[in-house]
Amino acid sequence: HVLVFCIETNIDEAFVTEYFNRVHAIRNTSKSILKPFQDFLISDFENKTLLKIEAWATNQAYLAMGNLLTVCALEGIDSCPMEGFDSNAYDDILGLKKQGLKSVLLLPIGYRADDDMFADFKKVRKSITESIIEL
Ligand SMILES: Cc1cc2nc3c(=O)[nH]c(=O)nc-3n(C[C@H](O)[C@H](O)[C@H](O)COP(=O)(O)O)c2cc1C
């Protein structure tokens, strides 16, 4: 299987409003309590360039993928995070554009083949002390 992570292409007032409507529906939080934050987000996103909005949304997709990488590993499922693919081709072939989506990340998942010589290679990782700065 290949999981295709997408961002929504219309992150606008309607997108933000839909989120707050969901909060209201699920938690029954009054609209007057939600309104200040909702108004803030709507104007904050109106002032962002499309490039900035896409970068923000893509970062959210990385959060979701990060969780999945961990869950797959815990379940003994192999996975391989990929960016740098032909996003437009995926969008065309899978008909993503008409669903208001744009692919940003791929995650093939599955079980390693018995004859996969790479599967037994040692993992190349920095040591903990090279990766974490303790203050
Ligand atoms: C076709 C392909 C595309 C990949 N694209 C990316 C990428 O865009 N960014 C990235 O950080 N790693 C990319 N990788 C690397 C893998 O996600 C993974 O980090 C690598 O296989 C090493 O994993 P390991 O150290 O856990 O064994 C790619 C790997 C493959 C095979």
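Predicted model: local features only at pLDDT ≥ 70, side-chain atom pairs only at ≥ 80, totals over all residues.
First, the whole chain. The protein chain has 5 helices and 3 strands, and from the N terminus on, the order is β-α-α-α-β-α-β-α. The radius of gyration is 20 Å, whereas the globule rule gives 14 Å for 135 residues, so the chain is more spread out than a compact globule. Along its principal axes, the C-alpha trace spans about 60 × 50 × 30 Å.

What about burial? Of the 135 residues, 21% count as buried. The chain exposes about 10500 Å², and 58% of that comes from carbon and sulfur atoms. Turning to contacts between residues at least 6 apart in sequence, 68% join residues at least 24 apart.

Now, back to α2, which covers residues 31-46. With 16 residues at 1.5 Å each, helix α2 should span 22 Å, and its end C-alpha atoms lie 21 Å apart, which agrees. And here is where our definition comes in: α2 bends by about 30 degrees at Phe 37.

Which residues of α2 are buried? They are Leu 34, Gln 38, Leu 41, Ile 42 and Phe 45. And what do the buried residues of α2 pack against? Their partners are α1, residues 13-27, and α3, residues 50-74.

Methods. Residues numbered from 1 in each chain as written. Heavy atoms only, no water. Helix = DSSP H or I, 4+ residues; strand = E, 2+ residues; numbered from the N terminus. Expected span 1.5 Å × (residues − 1). Bend = angle between axes of the 7 residues up to and from the residue. Buried < 20%, exposed > 50% of the residue type's maximum accessible area, 1.4 Å probe, protein only. Contact = heavy atoms within 4.5 Å. Rg over C-alpha atoms; globule rule 2.2 N^0.38 Å. Areas by Shrake-Rupley, 256 points an atom, 1.4 Å probe, with all protein chains shown as cover.
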